[in-house]
Amino acid sequence: MSPVARGKTHDKKLYDRTRMRFPPGVRTTGDSGYQGTDLRVPHKKPRGGTLTPRQKAANRRLAKDRIVAEHGIGKMKIWRIAADRYRNPVRRHTVILKNVAGLHNRMFG
């Protein structure tokens, strides 16, 4: 869990700043914005070239894993907890976010 960042802060900047480390065996993925980190990221097409079939297959597998998280983030935005400015005490943000996620899972899970 990373600390709360005020204002518009890109995820990668926050990731670099916090130097998050994960236990061995935990699969960590990121989108192409996380190039240069220890996260698994999609292969980029080389300038003027193409990706190999193996790289394309790896990108598809990665996309299948990531879509689960992306859909979860999208659902939190529907509830407006992750889309609008948060105007309550910062210390309660995580608790409220988890409560909204729990309610969503209870209703639609």
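What is the relative accessible area of Asp31? The value is 32%, so Asp31 counts as partly exposed (buried means under 20% relative accessible area, exposed over 50%, and partly exposed in between, with a 1.4 Å probe and protein chains only).

This is a predicted model, in which local features need pLDDT of at least 70 and side-chain atom pairs count only at pLDDT 80 or more, while totals for chains, interfaces and linings use all residues. Residues are numbered from 1 along each chain as its sequence is written, and side-chain values use heavy atoms, with hydrogens and water left out.

**View 1. The whole chain has three helices and zero strands.**
Helices (H or I, at least four residues) and strands (E, at least two) are DSSP runs, numbered from the N terminus. Along the sequence the pattern reads α-α-α. The radius of gyration is 17 Å, well over the 13 Å that the globule rule gives for 109 residues, so the chain is more spread out than a compact globule. This radius is taken over C-alpha atoms, and the rule is 2.2 Å times the number of residues to the power 0.38. Taken along the principal axes, the C-alpha atoms fill a box of roughly 50 × 35 × 30 Å. Of the 109 residues, 13% are buried. The accessible surface comes to about 9,200 Å², and carbon and sulfur atoms hold 53% of that surface. Accessible areas come from the Shrake-Rupley method with a 1.4 Å probe; for residues, only the protein chains shown count as cover. Among contacts (heavy atoms within 4.5 Å) with a separation of 6 or more, 25% join residues 24 or more positions apart.

**View 2. Arg66 forms salt bridges with Asp31 and with Glu70.**
Side chains of opposite charge can pair when their charged atoms come close. A salt bridge is a side-chain nitrogen of Lys or Arg within 4 Å of a carboxyl oxygen of Asp or Glu, and the whole structure holds six of them. Between Asp31 and Arg66 the N to O distance is 3.9 Å. Asp31 lies in the loop between H1 and H2 and Arg66 in helix H2, so this pair ties together parts that are 35 residues apart in sequence. Between Glu70 and Arg66 the N to O distance is 2.8 Å. Both residues of this second pair belong to helix H2, four residues apart, about one turn of the helix. Arg66 is buried at 18% relative accessibility, whereas Glu70 is partly exposed at 35%.

**View 3. Gly30 is a buried residue of the loop between H1 and H2.**
Its relative accessibility is 2%. Leaving aside residues up to four places away in sequence, Gly30 touches Leu39, Arg40, Val41, Pro42, Leu62 and Arg66. The C-alpha atoms of Gly30 and Arg66 are 7.7 Å apart, although 36 residues separate the two in sequence.

Thr28 is buried at 15% relative accessibility. The side chain of Asp38 meets that of Arg21 in a salt bridge of 3.7 Å, N to O. Elsewhere, Arg27, Arg40 and Asp65 are linked in a network of salt bridges.

**View 4. Tyr15 and Tyr34 form the one aromatic pair found in the whole structure.**
The pair is edge-to-face, with 5.9 Å centre to centre and 85 degrees between the planes. Rings of Phe, Tyr and Trp (its six-membered ring) pair if their centres lie within 6.5 Å; planes under 30 degrees apart count as stacked, over 60 as edge-to-face and the rest as tilted. Tyr15 sits in helix H1 (residues 11-18) and Tyr34 in the loop between H1 and H2, 19 residues apart. Both tyrosines are buried.

**View 5. Ile78, Trp79, Met107 and Phe108 form a nonpolar patch on the surface.**
Together they have about 480 Å² of accessible area. Patches are made of residues with over 30% relative accessible area and no salt bridge: like charges are joined within 9 Å, nonpolar side chains (Val, Leu, Ile, Met, Phe, Trp, Tyr) within 5 Å. Ile78 belongs to helix H2 (residues 53-78) and is exposed at 64%.

**View 6. His104 is a buried residue of helix H3 (residues 93-108).**
Its relative accessible area is 11%. Not counting residues up to four places away in sequence, His104 touches Lys75, Met76, Trp79 and Gly109. Gly72, in helix H2, is partly exposed at 32%.
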